[in-house]
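Me: I would like to go through this structure with you. Please set each label against its cut-off.

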Amino acid sequence: GLNIYLQLIMATIGIPLKKANLTVNFGDHIIPINQTFLMKKHVYAMVNLKPVAEGHVLVCLKRNVKRLYELTEVETLELWCTVKIVAKKIEEFYGNNVIICVQDGKDSGQSISHVHVHIIPNVGGNMSIQIEKQRGARPESELIQEAKSLRKLFEPNPLYEQLDV
């Protein structure tokens with residue numbers, strides 16, 4: 001796909017984009033941009049393919065980095081500032097406190113070798129039960145619709161304008 005910055009410039013000046021070329025990397029996986037809802041210089045936020053609760057989202061680094069200690073100071077700052085913003089919006093949207101967690105490395109349960117932070121609304125009150133009942137993979141249409149709904153909570157981004165038509 002196109003470099004994300006080139007995509008943003010093209011979207012800003014109105015050059016039509018093919019939706020298939022709009023992607024971000026998540027470990028070995030290619031994530032269509034229409035499954036994301038917030039895009040920053042170093043990080044993005046996306047909906048979760050296999051959420052443990054309704055509203056379970058991820059804030060991910062754009063650069064393919066496996067462990068937290070590999071982040072630059074700038075990436076670290078943007079990651080945690082974005083987590084703070086997304087957590088507040090998710091909490092307001094779902095009306096519940098959130099759980100924020102990182103699984104840093106395979107032995108900690110990290111299933112995708114890519115730095116990401118889980119933000120999970122405590123919907124239903126008992127998160128330990130919800131985690132045991134992890135859902136299977138959701139259909140792409142559900143992921144796209146959830147991301148589209150969540151984008152409305154944040155400042156408009158020209159990158160998403162063509163996706164939300």
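Me: Where does Leu-153 lie?

Reply: Leu-153 sits in the loop between helix H4 (140-151) and helix H5 (158-161). Helices here are DSSP runs of H or I with at least four residues, strands are runs of E with at least two, and both are numbered from the N terminus. This is a predicted model: local features need pLDDT of at least 70, side-chain atom pairs count only at pLDDT 80 or more, and totals for chains, interfaces and linings use all residues. Residues are numbered from 1 along each chain as its sequence is written, and side-chain values use heavy atoms, with hydrogens and water left out.

Me: Why is Leu-153 called partly exposed?

Reply: Buried means under 20% relative accessible area, exposed means over 50%, and partly exposed is in between (1.4 Å probe, protein chains only). Leu-153 has a relative accessible area of 24%, so it is partly exposed.

Me: Which residues is Leu-153 in contact with, leaving aside its neighbours within four places in sequence?

Reply: Lys-89 and Phe-93. Contact means heavy atoms within 4.5 Å. Ile-90 is 63 residues from Leu-153 in sequence, and their C-alpha atoms are 8.8 Å apart.

Me: Why is strand S4 described as largely enclosed?

Reply: S4 covers residues 43-47, and five of the five are buried, so the rest of the structure largely encloses this strand. Both faces are covered. Val-43, Ala-45 and Val-47 are buried on one side, Tyr-44 and Met-46 on the other.

Me: What makes S3 and S4 a pair?

Reply: Two strands pair if DSSP finds at least two bridges between them. Strand S3 (residues 36-39) has three bridges to S4, so the two count as paired. They run antiparallel. Thr-36 stands opposite Met-46 in S4. The two strands form a hairpin, with three residues between them.

Me: How many helices and strands does the protein chain have?

Reply: Five helices and seven strands. From the N terminus, the order is α-β-β-β-β-β-α-β-β-α-α-α.

Me: What share of the protein chain counts as buried?

Reply: Of its 165 residues, 42%. Among contacts with a separation of 6 or more, 60% link residues 24 or more positions apart.
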